[in-house]
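Hi everyone, thanks for making time for this. I'd like to walk you through one structure, ring by ring, and then step back to the core. Have a look at it first.

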Amino acid sequence: GDEILSKFQKAILLLPEKQRIVFNLRYYDELGYEEIGQILNTSANTLKTNYHYASEKIKDYMINH
């Protein structure tokens, strides 16, 4: 369990800053895209795209490391 968690956290740290912020707000803080959009002054659609890319990168990292 610990190894997977630390790998997951490392994958998050490797994300581009914007993707990392969106991922953290969504995944850990469980905020909606509208709320995150207000915080970051970004459209919900852009945030969904960022979150999607972040998820894919994390998944790839988990599989390949």
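Let's begin in helix 2, where you'll find both Phe-23 and Tyr-27. They sit 4 residues apart, which is about one turn of the helix. Please keep in mind that this is a predicted model.

How do we describe two rings like these? In general, a pair of aromatic rings is described by how far apart the centres are and by the angle of the planes. For Phe-23 and Tyr-27, the centres are 5.2 Å apart and the planes are at 15°, so we call this pair stacked. Now, is Tyr-27 buried, exposed or partly exposed? Tyr-27 has a relative accessible area of 41%, so it counts as partly exposed. Phe-23, on the other hand, has a value of 4%, so it is buried.

The structure holds 6 aromatic pairs, and one of them joins Phe-8 and Phe-23. This one is edge-to-face, with 6.1 Å from centre to centre and 65° between the planes. Which parts of the chain does this pair tie together? Phe-8 belongs to helix 1, residues 2-13, and Phe-23 to helix 2, so the pair links parts that are 15 residues apart in sequence. Phe-8 and Phe-23 are both buried.

Phe-8, Phe-23, Tyr-27, Tyr-28, Tyr-33 and Tyr-51 make up one aromatic cluster.

In soluble globular proteins, nonpolar side chains tend to be buried together. Here, the largest nonpolar core has 16 residues, and Ile-12, Leu-15, Phe-23 and Ile-58 have the most contacts inside it. Helix 1, helix 2, helix 3 (33-40) and helix 4 (44-64) each supply at least two of its residues. Which helix gives the most? That is helix 4, with 6 residues.

Take Leu-15 as an example. Leaving aside neighbours within four places in sequence, Leu-15 is in contact with Arg-20, Phe-23, Ala-54, Lys-57 and Ile-58.

Notes
Residues numbered from 1 in each chain as written. Predicted model: local features only at pLDDT ≥ 70, side-chain atom pairs only at ≥ 80, totals over all residues. Heavy atoms only, no water. Phe/Tyr/Trp six-rings, centres within 6.5 Å; stacked < 30°, edge-to-face > 60°. Buried < 20%, exposed > 50% of the residue type's maximum accessible area, 1.4 Å probe, protein only. Core = buried A, V, L, I, M, F, W, Y, C linked by side-chain atoms within 4.5 Å. Contact = heavy atoms within 4.5 Å.
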